[in-house]
Amino acid sequence: MARVMIDQATMTVRLEGLHQLWGFKRRITVPWDHVRGATVDPGVVAEPKGLRSPGLGLGRVATIGTFYRDGERHFWDVTAWGRPIVIELADERYDRLVVEVADPHATVDAINAAATG
């Protein structure tokens with residue numbers, strides 16, 4: 001699971017527990033002008049992930065790490081029973097972050113409000 005932290009200048013996605021080890025990341029920090037928006041998307045876990053490098057891929061059980069698909073780089077931190085959100089980025093290392101959070105709707109609302117504000 002991840003925690004999204006919001007301040008005036010940046011959005012930080014912080015991985016928790018063993019997800020830091022499996023995803024080879026502790027956090028991803030993005031300036032607001034590079035955040036295009038966020039959505040709640042429970043069906044995203046069923047879409048093809050692409051080539052993993054590095055990270056953990058246990059089928060539908062857990063997908064954590066960097067994945068390459070269709071010329072884009074995505075970061076995933078989701079489990080089969082989680083509540084995923086999708087954060088679209090521009091001009092960043094990752095084109096898209098797909099992460100599991102405790103309260104998807106509140107997190108997406110906060111991200112979208114800060115990104116447009």
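# Reading backbone and side-chain features

Guide: F24 counts as exposed, with 57% relative accessibility; exposed means over 50%, buried under 20%, and partly exposed in between (1.4 Å probe, protein chains only). This is a predicted model, in which local features need pLDDT of at least 70 and side-chain atom pairs count only at pLDDT 80 or more, while totals for chains, interfaces and linings use all residues. Residues are numbered from 1 along each chain as its sequence is written, and side-chain values use heavy atoms, with hydrogens and water left out.

Visitor: Where in the chain is F24 placed?

Guide: F24 sits in the loop between α1 (19-23) and β3 (27-31). Helices (H or I, at least four residues) and strands (E, at least two) are DSSP runs, numbered from the N terminus.

Visitor: Is the peptide bond from S53 to P54 cis or trans?

Guide: The bond from S53 to P54 is cis, and its omega is near -15 degrees. P54 is part of strand β5 (residues 51-57).

Visitor: How many salt bridges does a search of the whole structure find?

Guide: Side chains of opposite charge can pair when their charged atoms come close. A salt bridge is a side-chain nitrogen of Lys or Arg within 4 Å of a carboxyl oxygen of Asp or Glu. The search of the whole structure finds 5 of them. One of them joins E16 and R3, at 2.9 Å from N to O. E16 lies in the loop between β2 and α1 and R3 in strand β1 (residues 2-6), so this pair ties together parts that are 13 residues apart in sequence. E16 is partly exposed at 26% relative accessibility, and R3 is partly exposed at 48%.

Visitor: Which residues are linked in a network of salt bridges?

Guide: The network consists of E47, R69, D70, E88 and R96. Within it, R69 and E47 form a salt bridge whose closest N and O atoms are 3.1 Å apart. That pair links distant parts of the chain, 22 residues apart, with R69 in strand β6 and E47 in the loop between β4 and β5. R69 counts as partly exposed, at 24% relative accessibility.

Visitor: How far apart are N and O where the side chains of R96 and E47 meet?

Guide: The N to O distance in the salt bridge of R96 and E47 is 2.8 Å. Here too the pair links distant parts of the chain: R96 is in strand β9 (residues 96-100), E47 in the loop between β4 and β5, and they are 49 residues apart. R96 is buried, with a relative accessible area of 12%.

Visitor: Which side chain of opposite charge is nearest to K49?

Guide: Lys and Arg count as positive and Asp and Glu as negative; His and the chain ends are not counted. For K49, the nearest side chain of opposite charge is E47, 6.9 Å away, and K49 is buried with no salt bridge. K49 is found in the loop between β4 (35-40) and β5.

Visitor: Which backbone oxygen does the side chain of K49 reach at 2.8 Å?

Guide: The side chain of K49 reaches the backbone oxygen of E47 at that distance, 2.8 Å. With contact meaning heavy atoms within 4.5 Å, and residues up to four places away in sequence not counted, K49 touches V44, T63, F67, Y68, R69 and W76.

Visitor: Is I85 buried or exposed?

Guide: I85 counts as buried, at 0% relative accessibility. I85 is placed in strand β8 (residues 84-89). Not counting residues up to four places away in sequence, I85 touches several residues, among them T39, V40, L97, P104 and I111. The C-alpha atoms of I85 and V99 are separated by 5.6 Å, although the two residues are 14 residues apart along the chain.

Notes: Polar contact = N/O pair within 3.5 Å; in protein donor to acceptor, adjacent residues only side chain to side chain.
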